[in-house]
Amino acid sequence: MKVKVIMIPFRDLKVISIKDTIGQAIRQIDDHNMMSLPVVDGRRFIGVLSKQHIYETYFKDYEGSKEEYKDCRVDMLMKTKIEGISENMPIEEAAAMFIKTKFRFIPVIDEDGGLTGIVTQQAIFKEYQKLFGTSYRTFTIYSFDYKGTLAKITELIARAGGNIKNIVLINTETLGLQEIFFRVETDDFAGVIKMLQKKGFDVRIPDKD
């Protein structure tokens, strides 16, 4: 899945203008119950301003009055070292970027540097929640990467009356060992597990199941 499917498009975004003051930015952030917002110059993405950074700077570093601080321009505080991404980036790559940064959203930029939208942590989490949801029973199989192994597992699940809803295959980086996550729809979950174990597969069932 591409980022463009889950991003918030520019037309729906709340943004801060680079011409705004800190006071205007605070009102914009508070009015929309946000922790941070993108800073733009027209349609061009400039940076990010967070509520936390505004208050931390005021209490730790600023020596003037509160009113003087609120009259400062946004570009005094915004963070500009933010990597933008293409709307065609796979969401798993965007998820990896969130792990490396503390930002709550990543700007989606077009070829001309214009802000197309943003992808949020929440949007990423929702997609993974769909994948690892709780509507169906789940289990994991640990198996070495032998040709035909996955086909054999899926055949056994079908024979036991299971309907596969999701499969996620993760390389453990340990001598070709793979962790294969299954989410299945079945009236006989125990029968599916028994069939797989009978054929020698290492099946692990989450404690919540």
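Threonine 116 has a relative accessibility of 16% and therefore counts as buried, where buried means under 20% relative accessible area, exposed over 50% and partly exposed in between (1.4 Å probe, protein chains only). The model is predicted: local features need pLDDT of at least 70, side-chain atom pairs count only at pLDDT 80 or more, and totals for chains, interfaces and linings use all residues. Residues are numbered from 1 along each chain as its sequence is written, and side-chain values use heavy atoms, with hydrogens and water left out.

**Threonine 116**
- Threonine 116 belongs to strand 6 (residues 115-120); strands (E, at least two residues) and helices (H or I, at least four) are DSSP runs numbered from the N terminus.
- With neighbours within four places in sequence left aside, threonine 116 contacts Met7, Ile8, Pro9, Phe10, Arg43, Glu87, Val108, Ile109 and Asp110, contact meaning heavy atoms within 4.5 Å.

**Isoleucine 157**
- Helix 7 (residues 149-159) contains isoleucine 157, which counts as buried because its relative accessibility is 0%.
- Residues up to four places away in sequence not counted, isoleucine 157 touches Phe139, Gly162, Ile164, Phe182, Val184, Val192 and Leu196.
- A distance of 9.7 Å separates the C-alpha atoms of isoleucine 157 and phenylalanine 189, which lie 32 residues apart along the chain.

**Helix 2 and helix 3**
- Helix 2 (residues 22-31) packs with helix 3 (residues 51-60) at an angle of about 140°, and their axes are 10 Å apart; axes are lines fitted to C-alpha atoms, for helices over the stretch in contact, and angles run from 0 to 180 degrees between N-to-C directions.
- The two helices are therefore oblique to each other, given that angles under 35 degrees count as roughly parallel, over 145 as roughly antiparallel, 65 to 115 as roughly perpendicular and the rest as oblique.
- From helix 2, Ile22, Ile26, Ile29 and Asp30 meet Lys51, Ile54 and Tyr55 of helix 3.
- By class, this contact of helix 2 with helix 3 comprises five nonpolar, no polar and two charged residues (Ala, Val, Leu, Ile, Met, Phe, Trp, Tyr, Cys and Pro count as nonpolar, Asp, Glu, Lys and Arg as charged, and the others, Gly among them, as polar).

**The chain as a whole**
- Eight helices and ten strands are present in the chain.
- The radius of gyration of the chain is 24 Å, well over the 17 Å that the globule rule gives for 209 residues, so the chain is more spread out than a compact globule; the radius is taken over C-alpha atoms, and the rule is 2.2 Å times the number of residues to the power 0.38.
- Along the principal axes, the C-alpha atoms fill a box of roughly 75 × 35 × 35 Å.
- Of the 209 residues in the chain, 40% are buried.
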